[in-house]
Amino acid sequence: MKKILSILMIFVGLASCQDLEEMNINPNSPTETHPQLLLTSIEWDAFQAYIGTSPLYALKMLVQTDGENSYQYYNWTRGDYDNYSTLRNVTKMIEEAERIEDNTYIALGKFFRSYYFYNLTLTFGDVPYTDALKGETDENYSPSYDDQQTVFEGILDELVEANDLLAESNSIISGDVIYDGDITSWRKLINAFRLKVLLTLSKKTGDIDLTEFASIYQNEPLMESVEESGQLVFLDQQNNRYPNFNSSGFSSGMYMDSTFIQRLQEREDPRLFIYATQTKSAKEAGKALDDFTSYEGGDPAAQYNDVNLKAAEGNVSRVNTRYYQDPENEPYMLLGYSEQQLILAEAAVRGWISADAEVLYNSGVKSSFKFYETYAEDYTAYVTETVADDYLSRSINSFASAADDDAKIELIIMQKYLQSFLQLGWSTFYEQLRTGYPTLRRPAGVEIPYRWIYPQSEYNYNSDNVSAAISKQFGAGNDQIDEMTWWLK
């Protein structure tokens, strides 16, 4: 009897081990999924990754009155590698797409990889690229750094692959909240982004084959209207509202920068009424909303307390209330039609493409007005097509009035700048580093940084590789914000 019980216990034990192995598979944490379930989250993260006020301080659009803002005074230090965490989802989407053999999601994965690595390398310089994101597959937790030229070349290669894969696809992209699955629209955005990356490298014509620019312009689909912009539309639903909705920051120490206000006033630019409020003094005096003298900013080079005193007197404009009171407000553009047209206008001035630069410039400006006519509902009368035509006829805005190519490029960059309020993240800042336009007011002796210091986590967990990257770029231990990286040299 004891022998029979012993045998039974052995079988029970074996069965129990098998049950435990099965129990170790958590049905609520699947190891496989359809890539469309990852795409929606990836799009949502990417299209609002850089929405926020930090670049607006650096770009002289905002000033802070209740403390010193490091971006306003160009004394920032260390950046972060948060984008690598987001890229893990992109990597997983590509893996799942490869598993089910769906090239459309692989293509979009390559686009988002390019987008994030583009921003990473502009932020720091050399970054992990070839060996990055291989912790799960290769157990490589200390990736080596690629030089910036290699990263840019890789970005451009992946964008070519993304466009080519989509060109061969006839399927609809499920889970797509940007273009509702339309492949042609995605190709247009990807090709516009290729143009943007190539123009970013305008100082490196001897190192990068920029003939690709003309080929894209001549042979590949590009955006044809404001409606085709790469943008995320917000809805008055929980978790889908405009990110700054109900933000308390806008009603505290945040005010408009006099630099930005004056540039809009000088050009009689009606987007001023959309971006800012009248000063308290102007409103109490009964001045009209479209009276340009109703607006005033704080000096970004002054001590913050000086601006605070001016604001307390009612003589500094705040950010327009729509940015924090409207749950839908306006879409956030990763890359819009207006920016694409201005990219093409600069390329035409530089002789990279055969096109009428003035027509492209005017198209870019009018498209920005059209965007606000569509989405800034209470201000549509100020940004109609007729108003845009009048705006472009003024000599200060007129392309035909520009004396030479440098003046034309300055006009183009200024228009990118003027349309980038709470749009396009750090893009306009990088344009300033590339072209020198527009000038950015700052205290005497303060220089504009070229980059951010590498994250502390790299020093803690990948010190050999980050130290080698620093030495190669700037000299041993010289990880500083005033060090110029390859793309600017």
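**Figure 1. Helices H8 and H9 of the predicted model pass each other in a left-handed crossing.** The structure shown here and in the following views is a predicted model. Helix H8 spans residues 183-200 and helix H9 spans residues 211-219. Their axes lie 10 Å apart and meet at an angle of about 155 degrees. Angles over 145 degrees count as roughly antiparallel, and H8 and H9 are therefore roughly antiparallel to each other. On the H8 side, the contact is formed by Asn191, Arg194, Leu195 and Leu198. Helix H9 contributes Glu212, Phe213 and Ile216. Sorted by class, the residues of this contact comprise four nonpolar, one polar and two charged.

Figure 2. Apart from neighbours within four places in sequence, the residues in contact with Leu156 are Arg194, Val197, Leu198, Leu201 and Ile208. Of these, Arg194 and Leu198 also belong to the H8 side of the contact with H9. Ser114 is 42 residues from Leu156 in sequence, yet the C-alpha atoms of the two residues are 7.6 Å apart in space.

**Figure 3. Packing of helix H4 against helix H5.** Helix H4 (residues 82-100) packs on helix H5 (residues 103-124) with 9 Å between the axes and an angle of about 160 degrees. This angle makes H4 roughly antiparallel to H5. The crossing of H4 past H5 is left-handed. From H4, the contact involves Asn83, Tyr84, Thr86, Leu87, Val90, Met93, Ile94, Ala97 and Glu98. The H5 side consists of Tyr105, Ile106, Leu108, Gly109, Lys110, Phe112, Arg113, Tyr116, Phe117, Asn119 and Leu120. Across both helices, the contact residues divide into 13 nonpolar, four polar and three charged.

**Figure 4. The protein chain that holds the elements of the preceding views.** The secondary structure of the chain amounts to 21 helices and four strands. Its radius of gyration is 26 Å, close to the 23 Å given by the globule rule for 489 residues, so the chain is as compact as a globular protein of that length. Taken along the principal axes, the C-alpha atoms fill a box of roughly 105 × 50 × 50 Å. Buried residues account for 54% of the 489 residues. Of the contacts between residues at least 6 apart in sequence, 75% join residues at least 24 apart.

Note on methods. Residues numbered from 1 in each chain as written. Predicted model: local features only at pLDDT ≥ 70, side-chain atom pairs only at ≥ 80, totals over all residues. Heavy atoms only, no water. Axes fitted to C-alpha atoms, helices over the stretch in contact; angles between N-to-C directions. Helix = DSSP H or I, 4+ residues; strand = E, 2+ residues; numbered from the N terminus. Parallel < 35°, antiparallel > 145°, perpendicular 65-115°, else oblique. Left-handed = near helix turned anticlockwise from the far one by under 90°. Contact = heavy atoms within 4.5 Å. Nonpolar A, V, L, I, M, F, W, Y, C, P; charged D, E, K, R; others polar. Rg over C-alpha atoms; globule rule 2.2 N^0.38 Å. Buried < 20%, exposed > 50% of the residue type's maximum accessible area, 1.4 Å probe, protein only.
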